[in-house]
Structure formats: C-alpha cells, structure tokens
Amino acid sequence: MSDETSPRLQEFQEQVDGLKLSGGKANPERTTVRLAIALFVVAVVLEVVAYTGSTGTSNALEQNDFLILAILGVVVALGAVALFIRASMTRYFRYWLVRLIYEDRASTDRIVEAIKDAD
Amino acid sequence: MTAPLLELRGVRAGYGIIDVLHGVDLVLEPGQVVALLGPNGAGKSTTLGVASGQIQPSAGQLLIGGREVNGAKPDALARAGVCLVPEGRGIFPNLTVSENIRMMTFSGRSYIEVQDKAYALFPRLGERRRQLAGTLSGGEQQMLAMARAMSTDPALLMLDELSMGLAPIIVEELYGQVAELASGGLSILIVEQFAQTVLGVADTAAIMLHGRITRTGPPNEIAEELTAAYLGIDVGGHDK
C-alpha cells in the first residue's frame with residue numbers, strides 16, 4: 001500500500017467529489033419509448049371516448065366537442081409515433097456507429113498487417 | 001482517502017437488453033494492484049467499461065473514492081484520473097508515436113510534459129517518435145498505450161488484456177513496468193485471461209465467471225484454483 005494521503009490521491013478525491021452526475025441510464029431511450037407507448041394508449045382512449053360520445057348524442061354542438069376530442073387524439077397519436085420512431089432510430093444509429101467504428105478499426109489492422117507482410 | 005479507490009457493489013450491466021454482469025462486487029484499495037481473471041466472455045472487459053464510465057450499470061453502484069458516480073461521463077472520469085488502456089491497445093494506428101502522445105494533452109497537461117513522461121517511461125518510444133503507431137511491433141504498441149495512459153498522471157489505471165497477442169518475453173517486460181508503477185503507489189486494476197505473469201504483480205486476485213466474481217483472494221491461492229475454475233471443476237467447495 002502506498003501513502004494514502006498522497007497529494008495526487010487528494011486531488012483525485014477532490015475531482016471525483018466535484019463531478020456533476022446526470023444519473024446515467026443503461027438504456028437512455030427506454031423512458032422515451034415508454035412515454036410514446038403511454039401517449040398512444042391515451043390517444044386510443046381519447047378516440048374511443050370521442051366515438052362513443054358522438055354516437056350517443058344527436059346534439060350537433062356536443063358532437064363538435066367530441067370531434068375536437070377526436071382530432072386531439074389523432075394529434076397525440078401522431079406525437080407518440082414520432083417519439084417512438086425517434087427513440088428507435090437513435091438506438092439503431094448508435095449501434096450502427098459502433099459497428100462502423102469497429103469495422104474501421106478492423107480494416108486499419110488488416111491494412112497495417114498487409115503493409116508489414118509486403119515489407 | 002480511507003474509502004476504497006474503486007468499488008463495484010452488485011453491479012449489473014450489459015449491452016442493450018442483454019445483461020453481461022449479474023451482480024459484480026469488487027474493491028480496489030488505494031495503492032493496490034488487483035488482477036481480475038477469467039475466461040473469454042466472463043465479463044471482465046465489461047467490468048472495466050463500467051468502472052471507466054463507458055457502460056452504465058443497469059443496477060448496483062459504482063463508487064470511486066467512496067462517492068457513488070453512477071452516470072458520470074467517461075471523459076469526466078478520465079480527466080479526474082481514471083485511465084483505461086483498452087484491449088487491442090486503443091492507439092491511433094495511422095498517427096505517429098508523437099502524435100499519439102500529443103492526443104493526451106486533453107488532460108490539460110502540456111505537450112512537453114506528456115512527451116517527457118512517456119519517453120522517460122519507455123525510451124524505445126522516443127527512438128521511434130516519427131514512426132506510424134500501426135507499424136510498431138505489438139509490444140511497442142502496448143508500450144505506447146501505457147505511455148499515453150501514464151502521461152496523464154492517473155490515480156487509477158486499468159489495463160485490459162495487456163498480454164494479448166504478445167510474446168512471453170515482451171509480456172514479462174511490460175509487467176515489470178507495471179510492477180514499477182505499482183511500487184510508486186499507483187492503484188491498478190488488471191484484467192487478464194492468462195494469469196501467470198500478472199499474479200506475480202498483483203496484491204489480490206479475483207476470478208470472474210459468467211458475469212460474477214466467484215472468488216477473491218491472495219494471488220498464490222487463486223493461481224491454484226484458476227485452471228479448475230476455467231474448466232468448471234469444483235475445487236475445495238468454492239462457489240463456481
């Protein structure tokens with residue numbers, strides 16, 4: 001064991017104590033996907049309420065209210081789909097980028113080997 | 001600093017939905033050298049990924065200097081002094097030796113400073129400073145990776161498969177250097193698949209199998225059990 005109060009360790013401890021933590025997540029898209037699914041469920045509920053409400057009345061003014069509710073449901077559904085696609089694409093492109101980096105490294109290694117063999 | 005320099009408590013982590021670590025507990029005290037051993041696919045490199053902040057644990061705690069740092073960004077940890085030499089060396093093969101070393105000025109140290117430290121540690125690199133890193137021998141590439149790591153004056157050094165693809169004599173030379181660094185008080189976590197050389201340097205060794213640390217103890221005891229552990233044979237009633 002070394003001297004436990006070495007200046008470097010003290011400095012290290014101070015820097016670690018000063019770290020700003022974001023509460024990192026193993027799967028950062030998980031929350032967005034869950035939110036998108038929840039929003040979609042809300043949209044479906046809105047549509048069902050709007051449909052049953054509008055068929056249950058002959059008053060045109062009330063039917064207008066349900067029509068607005070139905071349009072709101074469509075907007076919420078579109079937002080949910082957009083969120084879902086966004087999260088899925090983010091995850092897909094992250095893996096794609098990792099794959100590209102990996103292949104690029106492998107390719108560089110092959111080139112270096114080929115140069116060595118040529119020498 | 002009284003708390004362990006690095007501690008993993010019940011860490012679970014993996015890639016996407018696949019968990020690789022299933023509750024890892026590991027402690028590295030200041031100035032200690034710990035060897036983490038295990039067969040291919042045991043989760044050793046993933047453990048280093050978690051310890052360096054590159055992989056976020058899905059459960060459990062990562063503590064550095066006694067502080068929970070789950071969610072800390074890897075660059076912030078690197079600046080603080082957590083340094084990982086990855087498997088495959090992690091150098092830039094199409095840059096020269098000196099350009100590779102220049103990359104370490106990210107830590108805020110001057111080029112002269114990092115250069116002096118790197119070449120003092122491995123004088124052979126100084127002779128090859130204009131050579132493309134990819135054309136160095138395997139041992140020299142590993143020296144470059146270590147020199148880059150050491151030039152930032154890390155408080156915690158993590159070495160992933162230092163011996164991979166190298167001749168035994170080169171491995172011995174590199175571990176001689178590691179022993180020298182350890183005697184200077186640096187805390188080191190070494191991951192290795194083939195253990196004989198590293199056990200001579202380590203204060204403590206741990207065997208990792210299937211994403212769990214199954215045994216921790218003095219290197220001489222671990223050496224006896226290692227072969228059995230790799231082959232999945234139960235030795236002395238230890239949990240495998």
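The points below comment on the two chains of a predicted model.

1. Chain A, secondary structure. The secondary structure of chain A consists of 3 helices and 0 strands. Followed along the sequence, the pattern of chain A reads α-α-α.

2. Chain A, overall dimensions. For 119 residues, a compact globule would have a radius of gyration near 14 Å, but the value for chain A is 28 Å. The C-alpha trace of chain A spans about 85 × 55 × 20 Å along its principal axes. The student may wish to compare these figures with the view of the chain on screen.

3. Chain A, burial and contacts. Of the 119 residues in chain A, 20% are buried. Among contacts between residues at least 6 apart in the sequence of chain A, 66% join residues at least 24 apart.

4. Chain A, the pairing of helices 2 and 3. How do the axes of helix 2 (residues 30–55) and helix 3 (residues 60–118) of chain A cross? The two axes come within 8 Å and cross at roughly 160 degrees. An angle over 145 degrees counts as roughly antiparallel, and helix 2 and helix 3 of chain A are therefore roughly antiparallel to each other. The crossing of these two helices of chain A is left-handed. The residues of the contact between helix 2 and helix 3 of chain A comprise 21 nonpolar, 5 polar and 2 charged.

5. Chain B, secondary structure and dimensions. Chain B contains 9 helices and 10 strands. A compact globule of 240 residues would have a radius of gyration near 18 Å, and chain B agrees with this because its own value is 18 Å. Taken along the principal axes, the box filled by the C-alpha atoms of chain B is roughly 55 × 40 × 35 Å.

6. Chain B, burial and contacts. Buried residues account for 57% of the 240 residues in chain B. Of the contacts in chain B with a separation of 6 or more, 66% are between residues 24 or more positions apart.

7. Chain B, helix 1. Is helix 1 (residues 44–51) of chain B mostly covered or mostly uncovered? Helix 1 of chain B is mostly covered, with 7 of its 8 residues buried. These buried residues are B:Lys44, B:Thr46, B:Thr47, B:Leu48, B:Gly49, B:Val50 and B:Ala51. Just after helix 1 of chain B, B:Gly53 adopts a positive phi of about 85 degrees.

How values were computed:
Residues numbered from 1 in each chain as written. Chains lettered and ligands numbered in written order. Predicted model: local features only at pLDDT ≥ 70, side-chain atom pairs only at ≥ 80, totals over all residues. Heavy atoms only, no water. Axes fitted to C-alpha atoms, helices over the stretch in contact; angles between N-to-C directions. Helix = DSSP H or I, 4+ residues; strand = E, 2+ residues; numbered from the N terminus. Parallel < 35°, antiparallel > 145°, perpendicular 65-115°, else oblique. Left-handed = near helix turned anticlockwise from the far one by under 90°. Nonpolar A, V, L, I, M, F, W, Y, C, P; charged D, E, K, R; others polar. Rg over C-alpha atoms; globule rule 2.2 N^0.38 Å. Buried < 20%, exposed > 50% of the residue type's maximum accessible area, 1.4 Å probe, protein only. Contact = heavy atoms within 4.5 Å.
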